[in-house]
Amino acid sequence: MNQDIQQIIQQHKDKIFKTCLGFTNSREDAKDLVQEVLINIWLGLQKFRGEAQLSTWIYRVTVNTCLMHKRKKKVATAPLPDRDLEARESNAPEETDQKKLHLLRQFLQELPERDRLLMILYLENLTYQEIAEVIGLKANNVGVRINRIKTRLKRKFEAHG
């Protein structure tokens with residue numbers, strides 16, 4: 001079992017971190033939150049019934065942990081700090097790509113929590129069915145919502161030139 005949990009953690013740690021980062025806007029807070037998620041995975045792994053894929057279950061644990069953390073802390077979502085953005089955007093090949101990435105992150109933070117969660121999971125390349133299982137919606141509802149969010153984001157980009 002110990003080796004299994006280590007393998008699971010190794011396989012999913014990057015996705016867990018990206019999801020936590022989407023909720024916290026801070027690398028340090030995301031690292032702390034990842035630790036909470038890993039503890040919850042470790043504690044809950046024995047209860048995993050295999051009704052869904054393990055990766056879907058891990059996303060669900062991650063999302064639930066993030067939501068509970070946010071409720072406990074009652075953290076207001078604020079724009080990403082510039083220094084944090086610079087560190088993450090340093091790999092972008094062009095300045096215009098960096099600006100687009102910055103705007104995308106800003107626009108995502110302005111979305112209502114459920115819409116932001118949908119987009120975080122969508123950007124992690126989960127299928128509509130997997131997103132539906134994590135959030136508790138029907139897959140076609142997920143598709144409709146994501147398309148509406150993409151339309152709103154596109155309009156915001158167009159308004160910013």
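I count two residues as in contact when heavy atoms lie within 4.5 Å. The model is predicted, so I take local features at pLDDT of at least 70 and side-chain atom pairs at pLDDT 80 or more, while totals for chains, interfaces and linings use all residues. Numbering runs from 1 along each chain as its sequence is written, and side-chain values use heavy atoms, with hydrogens and water left out.

Entry: K156.
I looked up K156 and placed it in helix α8, residues 139–159; helices are DSSP runs of H or I, at least four residues, numbered from the N terminus. K156 is partly exposed because its relative accessibility is 31%, between the limits for buried (under 20%) and exposed (over 50%), with a 1.4 Å probe and protein chains only. Apart from neighbours within four places in sequence, K156 contacts F107 and E110. With the E110 side chain, the K156 side chain makes a polar contact at 2.6 Å; the term needs an N or O pair within 3.5 Å, one able to donate a hydrogen and the other to accept it. I also noted 9.0 Å between the C-alpha atoms of K156 and L103, which are 53 residues apart along the chain.

Entry: α6 and α7.
I found α6 (residues 113–123) and α7 (residues 128–135) packed at about 140°, axes 10 Å apart. From α6, R114, L117, L118, L121 and Y122 meet Y128, I131, V134 and I135 of α7. I sorted the residues of this contact into eight nonpolar, one charged and no polar.

Notes
Axes are lines fitted to C-alpha atoms, for helices over the stretch in contact, and angles run from 0 to 180 degrees between N-to-C directions. Helices (H or I, at least four residues) and strands (E, at least two) are DSSP runs, numbered from the N terminus. Ala, Val, Leu, Ile, Met, Phe, Trp, Tyr, Cys and Pro count as nonpolar, Asp, Glu, Lys and Arg as charged, and the others, Gly among them, as polar.
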